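Hello,

Here is the structure I said I would pass on to you. My notes on what was found in it follow below.

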Amino acid sequence: MRGSDAGGSRMLFALVALSICLVVTGTVVGTVVPGAAVGGTSSDGSAHADPDTVDDGRDLSALERQLAERLASRARSGSVNISREDAGRAREALNNSEYASLLDQYADVANETGDRERALAFQRVRDDQLALSTAVEEYWETHELYRTLVTEGHVETHVRQRTIHNGSRKKQILYDNETDERTLARQLEREWQTVNDSHASLVRSQRELSNRTDENVTASLNSLNASVQEIETAQQDVRDEQFVATNLTIEANGAQASFRSPLTIDGRLTTALGNTVSADTVRFAVGNQTIQTRLSETGDFDLRYRPTTITANTSNLTVRYRPENESIYFGDQRTTPVTIEQVRPDITVNATPTTVRYNDTIAVSGRVGANYGGAAEVPYLVSLDGRVLANGTTKTNGMYNSTVAVPASVSEGDRTVRVDVPLNGQALLSTNRTTASSIRETATTLDASAVHTSGRSIRVSGSFLTDSGQPVINQDIAVVANGTTIGRVSTGPNGTFETTLTVPQSVGSTAVFESSLPIAIEFRYDGSATNLQSAQAGATVILPTLPWGLIGGAMLAIIVVLAGGVVIGRKLLAGRSQHVPDPAVDIDSLTAQRTGSRVDSTSLLDTARRYLDAQQSAAAARVAYIALRQQLSTDVGRSAGQTPWEFYRDCADSDIDETTRETLQRATELYEQARFNSTASIPADAVDELLTELGPMMGEPQASDGE
């Protein structure tokens, strides 16, 4: 009996100790740092809080101000650090998850305060900084290869591939021993133009942000200009080394231009010294078109310009000489006054075959501006029954062709194939042309099954095919249990589907002594608004259920046994209470601690280590920060009501040593990552290193080298 009593006593004390540990830790976390609970986010409305939990307008403004200051600091830094040496690091810093997280938090707050335009201004600055830092880095990489080729006469095989972070576009350039200096020089000229354009965009977005935040961007813009000027100087050296300067003169036959009445331009192309350019044919970029023409022996040429997509209010037309990559000549440009007359072009369209079913292809072709030689590089859209299925631009002769597949969403019957030229405010007016297509219904087959997994969950799977065996993709199948729709599942690329659903308690009922519940499952596809036939399939699943009649009897027996056990247990506890001391912490003392006293910082440090041992590095980081903050609050006399970064700034301004300041900064950063980014993975080794540094600061003895 005594052995049994001792075992029960140990279990009882273990439960009490565990409860006290959890309650005390939670109490101190809530007392020392507002909103710093280990297990979740704060709802007390403090200035440094999760935007999702802040309701008070005053506190929300404080949070917005704090986030805006941090974003503005990042924006200034990103503009300053795009020099030749720092462009790569600037791009990585601008693209890191912390900056993106700051932007997301600020956007959440801006949505609450209504200042969404300021959030968009921060986003535009970041996007433009990324574009410019990427362009600068790429230019200097290419420039280094160019200098190596000029100096050593060759370059080793080199592949450069980088994801451009303001989109999904990837850029890959291959240089090898066959690459000559002039090809690289021409590539450098294109990359310089990208730098120049990106620089102009960033200057605009920086000034816009300055107008919205009253930030002084003079230093940032001066640094930007200096970095871009450095590239311009380097590129001028490349031009002088590789190219022969040219001189272009032009004279237009009048100033009126339209697609029906082209502008005739006469001109002459020579070197800057007046010598003949050694080329039979040359390319000119006129407006936004490329026109090829022949040069005479004296460099004379003429060309005809039919405006298409140029802006209708254009008053000056630019003509640029565009040398080929291997050419020794450098381009030149001139402008001439022009008045654009808008014209609506004719368009033809043909669609074959004329009768189709689901997933059949339709070849759509035609010509834009056929009566005047065809309009080149004009955008077009192809739609079927109002659904846009393809887009592209016309060829040099105005021809276009696209192949589109018939989607399920186009219902059967006679439908319209339409080609649009979607222009607005340009030399050519928008236009369209249509033709007919007959859509026929397609028979389908639906195969499906359902199996019970656990509780009231079932796993459903199957396939949806046409009568010819083609998979039907992206179609919703309704899953019905005993007449009640319990979910929908969409078919994948192979026409298959699979998912887990829950059968509600309201579906099906059993007698009190039955232990299973059969459920009829139906799979239904409604093809009424499509060109596919409707389809159905069925299955049955057996759900386990509780025989409440039998359970009721068993429960009655258990209650009788428990009642006896309670009586015996009370007697045992009464006997043991004479030998067991009172717990070290009771409910009253915990209440006192919540409002007044604090747990020792060393105890908190031990708690943080236990969290780390349990592989809960985020919780360990947060408790470690609290321990350090409590220690420093005592040492430097700071208030516990400050936000983490306010507390850090006050401590940094006090007389704490540099090592302590750096430790506090790292602890604050880890705490914020754990606090505001629930998806972040806090490195365990970083937390372990922090705890090692905190030990001596809390008065723990330092381990000797021999231990």
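Which residue of strand 14 stands opposite Thr352? The residue opposite Thr352 is Ala363. Helices (H or I, at least four residues) and strands (E, at least two) are DSSP runs, numbered from the N terminus.

This is a predicted model, in which local features need pLDDT of at least 70, side-chain atom pairs count only at pLDDT 80 or more, and totals for chains, interfaces and linings use all residues. Residues are numbered from 1 along each chain as its sequence is written, and side-chain values use heavy atoms, with hydrogens and water left out.

Strand 12 and strand 14 run antiparallel and are joined by three bridges; two strands count as paired if DSSP finds at least two bridges between them. They belong to an open sheet of three strands in the order 12-14-17, with antiparallel pairing. Strand 12 and strand 17 (399-405) are at the edges with a single partner strand each, so one side of each has no neighbour in the sheet. From one strand to the next, the twist averages 15 degrees (axes are lines fitted to C-alpha atoms, for helices over the stretch in contact, and angles run from 0 to 180 degrees between N-to-C directions).

**Between these strands**

The peptide bond from Thr352 to Pro353 is cis, with omega near -10 degrees. Pro353 lies in the loop between strand 12 (350-352) and strand 13. In the loop between strand 13 and strand 14 (361-367) is Asn359, which has a positive phi of about 70 degrees although it is not a glycine.

**Sheet with strand 13**

The pairing of strand 13 with strand 19 (residues 431-439) is parallel and covers two bridges. Val356 stands opposite Ile439 of strand 19.

**Strands 3, 5 and 8**

Strand 5 (residues 263-271) pairs with strand 3 (residues 246-252) in the antiparallel sense over seven bridges. Strand 5 also pairs with strand 8 (residues 300-305), again antiparallel, over six bridges. Asp266 of strand 5 is the bridge partner of Glu251, and Asp266 also stands opposite Asp302 in strand 8.

**Helices 12 and 13**

The axes of helix 12 (residues 644-653) and helix 13 (residues 658-676) come within 10 Å and cross at roughly 175 degrees. That makes the two helices roughly antiparallel (angles under 35 degrees count as roughly parallel, over 145 as roughly antiparallel, 65 to 115 as roughly perpendicular and the rest as oblique). Residues in the contact (heavy atoms within 4.5 Å) include Trp645 and Phe647 of helix 12 and Leu664 and Tyr671 of helix 13.

**Largest pocket**

The largest pocket holds about 640 Å³ of space. Of its 19 lining residues, Glu189, Gln193, Arg320, Tyr321 and Arg322 are the closest to its centre. On a 1 Å grid over the protein atoms alone, a pocket is an open set of points where a 1.4 Å probe fits, with protein on both sides within 12 Å along at least five of seven lines, and lining residues have an atom within 4 Å of a point. Grid points are joined across faces, edges and corners, and a volume is the space filled by probe spheres set on the points. Helix 6 gives the most to the lining, with six residues.

Regards
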